Amino acid sequence: MKDTEYTFAVARIRVNETRLMDRQQLNAAIGAADYADCTRRLREYGYDFSLGDAGALRGRTDAMWELLQSVLPDPHGLDSLLVKNDFHNLKVLLKALVSESDPDGLYLTPSIYDPEALRPLVYERKNDALPLPLQHADRSAYSILTKTRFAQLGDSVIDRAALEWQIKLAEKADHPVLSELAEADAALTDIKILYRCVLTGKAPSFMRRAVCACKAFDKEAAIEAADAGMDPLLSFLHYTPYADAVSALTESASAFEKYCDDRRLSILAAGKSEAFGILPLAAYYYAVQTEVMNVRILLAAKKNGLPEEKIRERMRTPYV
Amino acid sequence: MSNSLAIFFIIVGAVLAAGLPGMGSARGTSLVGQAAAGVVSEDPSKFGKVLILQVLPATQGLYGLLIAILTLSFTGLMGGNLPAYTWQQGLAFMAADLPMAVVGYFSALHQAKAAAAGVGIVAKKPNESGKAITFAALVETYAILALLISVLCLNGLTNTFGAAA
């Protein structure tokens with residue numbers, strides 16, 4: 001699809017970008033006296049709390065996705081960004097099936113496939129009827145969950161499949177920034193998995209099943225370093241494009257999550273200066289997700305009376 | 001025969017001068033129009049500012065039309081009193097139309113891209129619309145240069161070969 005076919009969509013997104021919370025508005029919300037004051041300010045920025053905090057956040061995401069769907073010339077153009085939600089939903093359904101619990105309220109949206117449509121297929125084990133990208137992950141994870149009850153491995157198998165599909169879909173979209181983003185997602189997830197594997201003393205066989213191949217570093221060399229211990233793993237990372245992740249990684253889990261989100265958004269920041277093509281739309285998708293994440297953190301922090309500086313530490317860099 | 005061939009070349013030149021920049025302008029205004037519609041659908045108050053940007057790539061079509069009329073007029077084809085040009089002279093008139101035809105087409109398309117990007121500036125920072133117009137208007141320079149060259153060539157050829165009575 002030609003980049004100029006996105007002209008109308010990009011123009012609409014540009015107007016909507018002006019409605020995103022900027023740094024000044026975010027700072028004002030962080031500086032709110034308490035939770036009530038914070039929600040009052042957020043209402044001014046367009047959040048509707050009539051259905052509670054979760055409803056306000058969901059409403060923001062739904063409105064963003066509704067807008068993108070209405071302007072996208074290619075309805076599958078952003079699939080590489082959504083695929084993670086589909087695999088998350090598969091994970092939720094499999095866990096609900098195995099633990100006989102209710103998956104409602106645990107789904108992530110937007111997604112390529114409707115989780116309610118997947119539900120009977122997963123529950124009735126109609127694996128062949130599932131969308132092709134989900135079939136292998138569903139089979140492997142279900143087998144692991146029912147035979148070994150090793151939920152962490154089941155999760156990892158699904159997460160890896162999600163990353164591999166994200167890379168494939170980004171390649172199909174034929175946009176260098178979407179490919180860079182998918183590769184960064186894979187590398188950052190791998191780093192997180194390897195770090196946790198070292199902390200919990202996981203075997204290399206587990207790492208091999210959980211880690212996704214990426215262009216940033218050699219998978220086997222990374223597993224070998226992780227198997228040797230924390231220092232060899234961190235030294236290994238120093239020689240990869242993710243050397244600056246080490247300080248966040250060793251600081252705390254939330255610091256690393258913030259680093260990952262900021263890195264993703266910095267890749268998509270190129271969308272600010274592009275007038276045509278899918279990138280500004282992908283960047284807007286991430287920008288809203290980042291804003292929603294900031295608001296979620298902010299609301300939880302205000303409810304628990306966290307001081308301002310602690311909240312600021314956790315805030316992701318806004319897109320605008 | 002020679003005069004018929006000269007007429008053919010003169011007409012082809014005029015058609016190219018009017019046609020190519022016209023096509024470029026049509027495509028260009030369409031592209032900027034899409035961007036403008038995107039902005040106006042969200043914020044109708046910006047209609048006036050984006051309209052100026054949409055008009056910019058339309059000028060090449062007008063320049064092309066002007067060159068086509070001058071060609072037909074200078075050669076005498078319009079008044080029906082065409083001197084006895086050789087086919088080489090007809091070809092020279094056609095060549096005189098080409099700067100406007102070619103540069104007009106491409107400058108309209110590229111100006112449209114600059115203008116559509118400028119619509120993004122208007123969308124986010126309406127007070128900076130003057131800068132958006134300037135960026136797009138600079139592309140116009142090359143259409144004006146091509147117009148000038150085509151006019152000078154037509155004028156020179158008419159003086160050299162003899163004006164229509």
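**View 1. Domains 2 and 3 of chain A in a predicted model.** Taken over C-alpha atoms, the centres of domain 2 of chain A and domain 3 of chain A are separated by 23 Å. In the domain assignment, domain 2 of chain A covers residues 80–174 and domain 3 covers 180–243. Domain 1 of chain A is assigned two segments, 1–78 and 280–320.

**View 2. Contact between domain 2 and domain 3 of chain A.** On the domain 2 side, 11 residues are in contact with 11 residues of domain 3 of chain A. Helix α8 of chain A (residues 151–173) gives the most to the domain 2 side, with 10 residues. By class, this side of domain 2 of chain A has five nonpolar, three polar and three charged residues.

**View 3. Helix α3 of chain B, residues 59–74.** The 16 residues of helix α3 of chain B reach 22 Å from the first C-alpha to the last, close to the 22 Å expected at 1.5 Å a residue. Buried residues of α3(B) include B:Tyr63, B:Ile67, B:Leu70 and B:Phe74. Also buried in α3(B) are B:Gly61, B:Gly64 and B:Ala68, among others.

**View 4. Helices α4 and α5 of chain B.** The axes of α4(B) (residues 87–124) and α5(B) (residues 129–161) come within 8 Å and cross at roughly 175 degrees. The crossing angle is over 145 degrees, so α4(B) is roughly antiparallel to α5(B). By class, the contact of α4(B) with α5(B) has 24 nonpolar, eight polar and three charged residues.

Notes:
Residues numbered from 1 in each chain as written. Chains lettered and ligands numbered in written order. Predicted model: local features only at pLDDT ≥ 70, side-chain atom pairs only at ≥ 80, totals over all residues. Domains from an automatic or database assignment. Contact = placed C-beta atoms within 7 Å. Helix = DSSP H or I, 4+ residues; strand = E, 2+ residues; numbered from the N terminus. Nonpolar A, V, L, I, M, F, W, Y, C, P; charged D, E, K, R; others polar. Expected span 1.5 Å × (residues − 1). Buried ≥ 20, exposed ≤ 12 C-beta atoms within 10 Å, placed from the backbone. Axes fitted to C-alpha atoms, helices over the stretch in contact; angles between N-to-C directions. Parallel < 35°, antiparallel > 145°, perpendicular 65-115°, else oblique.
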